[in-house]
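The exercises below are to be worked through with the sequence and the structure in view. Each task is followed by a solution in steps.

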Amino acid sequence: MSRLLDDLNEPQREAVCTTKGPLLIIAGAGSGKTRVLTRRLAYILTQRLAQPHELLAVTFTNKAAGEMKERVAALLGGGMMDMNVSTFHSFCARFLRREGEAIGYDHDFTIFDTADSETLMKNCIKSLGLSSSQFTPKAQLRKISSAKNKFVSAEAFAAGAIGYFEQTTAKIYQLYQQRLHECNAMDFDDLLVNSVFLLRNNAEIGERYRR
């Protein structure tokens, strides 16, 4: 235990040892955020508050996720292969490959990258007989991405659309989502949005992952 706590200051130690209920840590660059997170994970395991497979740690880059996992393994003197340490998108992709059938996707769905999404968007705009100079693919993807990140579905977007341009974007959004689904595909935003939707709205799945 001393290896986990001795070189931490008081606020860091409090963050590591507080394990009941939600906890928000606000810290600037170089203040030891990764150290606190890895010690917190190791503390939970050494105190037998959870098994490795019951822990989830998410970050923004594969490099950071790999470093976090290595640090915890070094602290505990062994591999932590069962720990769920990854980027947000990687975790959501794995989650949806297990649970996506609940929203009509096969487990081997395709993940569209930026280039794939732009190609599909160009086809949607063309299919609707619209001008790609007036409704540029990149601009439409930005609008749709913004809607998805606010959890506004294509149907909800259409219901609230006002004026020609918004209503046209609504048609594009609906066709884009329809064709994604026909391809058994999701874009990067869908990975996050569909995961949140399932955890919030599917009682059986939500409860299983909470446990």
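Contact means heavy atoms within 4.5 Å. The structure is a predicted model, in which local features need pLDDT of at least 70 and side-chain atom pairs count only at pLDDT 80 or more, while totals for chains, interfaces and linings use all residues. Residues are numbered from 1 along each chain as its sequence is written, and side-chain values use heavy atoms, with hydrogens and water left out.

**Exercise 1.** Determine which residues isoleucine 172 touches, not counting residues up to four places away in sequence, and describe the largest nonpolar core.

Solution. 
- Step 1. Isoleucine 172 touches Met121, Ile125, Leu128, Leu130, Phe135, Gln140 and Ile144.
- Step 2. A nonpolar core is a set of buried Ala, Val, Leu, Ile, Met, Phe, Trp, Tyr and Cys residues joined through side-chain atoms within 4.5 Å. Buried means under 20% relative accessible area, exposed over 50%, and partly exposed in between (1.4 Å probe, protein chains only).
- Step 3. The largest such core comprises 19 residues, and Ile172 is among those with the most contacts inside it, together with Leu120, Met121, Ile144, Tyr173, Tyr176 and Leu180.
- Step 4. Two or more residues each come from α6 (114-127), α7 (137-149), α8 (154-160) and α9 (163-182); α9 gives the most, with six residues. Helices (H or I, at least four residues) and strands (E, at least two) are DSSP runs, numbered from the N terminus.
- Step 5. In soluble globular proteins, nonpolar side chains tend to be buried together.

**Exercise 2.** Is threonine 169 buried or exposed?

Solution. 
- Step 1. Threonine 169 belongs to helix α9.
- Step 2. Its relative accessible area is 2%, so threonine 169 is buried.
- Step 3. Leaving aside neighbours within four places in sequence, threonine 169 is in contact with Gln140, Lys143 and Phe157.

**Exercise 3.** Locate arginine 48 and phenylalanine 151, and state the phi value of each.

Solution. 
- Step 1. Arginine 48 is in the loop between α3 and β1 (56-59), and phenylalanine 151 is in the loop between α7 and α8.
- Step 2. Phi is near 55 degrees for arginine 48, a positive value in a residue other than glycine. For phenylalanine 151, likewise not glycine, phi is positive and near 60 degrees.
- Step 3. Arginine 48 counts as exposed because its relative accessibility is 74%, while phenylalanine 151, at 43%, is partly exposed.
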